[in-house]
Every structure is written in C-alpha cells, then in structure tokens.
Amino acid sequence: GKSPEIMIKQSVVRNIDHTFTLLQQENDVFKPKVLITKADPIQAKIGMKESLEGGEKFAVLQKIQDPVTGAIKYKTVGSVKVDKKQIWDNRYSLADEGEREQNENEIKATYFVGGKNFTPGMLLKQVSVNKKKKQ
C-alpha cells in the first residue's frame, strides 16, 4: 500500500547497506568497530543493517595510552559472539518515515555472549563472518 517512490527508496538504502557489508567481509579495514554500551549483558549498537545473523565473533579491545608518549593503542582482552536470539533490527524501513510504533519490548541493541569483566566503552571489532553469508 506504499507509493513506489518510498519502496524504491527503501530498496536503495538496503542495497547500499548490503554493499558495505560485502566490503566488511572481504577487507579488514572495513570490518565493524563499535563501543560496548552495556556490560551485563554485553550490548552494542550494531545489528541487522551490518548483516549480523548470530554467531559472528568480535574481539574485545581495551584502549591503552602510553604514559610517556601519549600514543593510543588497543589491546585484545577477549572475545564475544553475537547472540542469535537478540539482534537489533537497525535496517532502514518504510516505518522509519514516521510511522514506526514504539514498542517497549523492541530490542534497541545487539546482545553478545561470552567473556567476562568487560566494561562500557571497550571496543568490539568483528573478526569472523558467518560462512553461509559469503557469496
């Protein structure tokens, strides 16, 4: 029941997102990096727009500043996997044009499993992609 213009807009936006996902899968420099927003359970603002389906592995990186030089480095302190039952649907939708109803049970971030003692602000960097998604 939507106009062809709106449906074309949604298709274009989603295809652009898919193209970026393909770049991320093939090139390390494009792999998603996102901050942990909550630590118990681990959550981050990343989701289906980045083609997460569950099971993808992310390295947990801690920011470390050299006290002498001031240089910033990131140290891998663990890893987590995407919880396939709780993935945020952050894809562009026709409902984003002002019709989306707010659902208090709607997932607003993707949840991760594994690892301990991680804190908000630590960085997640994707290290693996589901094999079935590769084309």
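Is Lys-125 buried or exposed? Lys-125 is buried, with a relative accessible area of 19%; buried means under 20% relative accessible area, exposed over 50%, and partly exposed in between (1.4 Å probe, protein chains only).

**Before starting**

This is a predicted model, in which local features need pLDDT of at least 70, side-chain atom pairs count only at pLDDT 80 or more, and totals for chains, interfaces and linings use all residues. Residues are numbered from 1 along each chain as its sequence is written, and side-chain values use heavy atoms, with hydrogens and water left out.

**Stop 1: the whole chain**

Display the protein as a cartoon. The secondary structure comes to one helix and six strands, in the order α-β-β-β-β-β-β from the N terminus on. Helices (H or I, at least four residues) and strands (E, at least two) are DSSP runs, numbered from the N terminus. Of the 135 residues in the protein, 33% are buried. Now switch to a surface: the protein exposes about 9000 Å², and carbon and sulfur atoms supply 52% of this area. Accessible areas come from the Shrake-Rupley method with a 1.4 Å probe; for residues, only the protein chains shown count as cover.

**Stop 2: helix 1**

Select residues 4-26, which form helix 1. Colour Ile-8, Val-12, Ile-16 and Phe-20, which make a nonpolar surface patch of about 380 Å². Patches are made of residues with over 30% relative accessible area and no salt bridge: like charges are joined within 9 Å, and nonpolar side chains (Val, Leu, Ile, Met, Phe, Trp, Tyr) within 5 Å. Ile-16 is partly exposed, with a relative accessible area of 44%.

Next, select Gln-24, also in helix 1. Gln-24 is buried, at a relative accessible area of 16%. Leaving aside residues up to four places away in sequence, Gln-24 touches Phe-30, Lys-31, Pro-32 and Glu-50; contact means heavy atoms within 4.5 Å.

**Stop 3**

Select strand 3 (57-65) and strand 4 (72-82). These two strands pair in the antiparallel sense over nine bridges; two strands pair if DSSP finds at least two bridges between them. Ala-59 stands opposite Ser-79 in strand 4. The hairpin has six residues between the strands, and Gly-70 in this hairpin takes a positive phi near 80°.

**Stop 4: the core**

Show the side chains of Phe-58, Val-80, Phe-112 and Leu-124. Of the 15 residues in the largest nonpolar core, these four touch the most other members. Strand 1 (33-39), strand 2, strand 3 and strand 4 each supply at least two residues of this core. A nonpolar core is a set of buried Ala, Val, Leu, Ile, Met, Phe, Trp, Tyr and Cys residues joined through side-chain atoms within 4.5 Å.

Centre the view on Phe-112. Not counting residues up to four places away in sequence, its contacts include Ile-42, Ala-44, Phe-58, Val-80 and Leu-124.

**Stop 5: two salt bridges**

Side chains of opposite charge can pair when their charged atoms come close. A search of the whole structure finds two salt bridges, each being a side-chain nitrogen of Lys or Arg within 4 Å of a carboxyl oxygen of Asp or Glu.

Select Asp-28 and Lys-125, whose closest N and O atoms are 3.2 Å apart in a salt bridge. The pair links distant parts of the chain, 97 residues apart: Asp-28 lies in the loop between helix 1 and strand 1, and Lys-125 in strand 6. Asp-28 is partly exposed at 46%, whereas Lys-125 is buried at 19%.

Then select Asp-89 and Arg-91, whose side chains meet in a salt bridge (2.8 Å, N to O). Asp-89 is partly exposed at 28% relative accessibility, and Arg-91 is partly exposed at 30%.

**Stop 6: backbone geometry**

Most residues other than glycine have a negative phi, and most peptide bonds are trans. Zoom to Asp-40 and Pro-41: the peptide bond from Asp-40 to Pro-41 is cis, with omega near 0°. Pro-41 is in the loop between strand 1 and strand 2.

Move to Ser-51, which has a positive phi near 65° and lies in the loop between strand 2 and strand 3. Ser-51 is buried, with a relative accessible area of 17%.

Finish at Asn-117, which has a positive phi of about 60° although it is not a glycine. Asn-117 lies in the loop between strand 5 (110-113) and strand 6, and is exposed at 75% relative accessibility.
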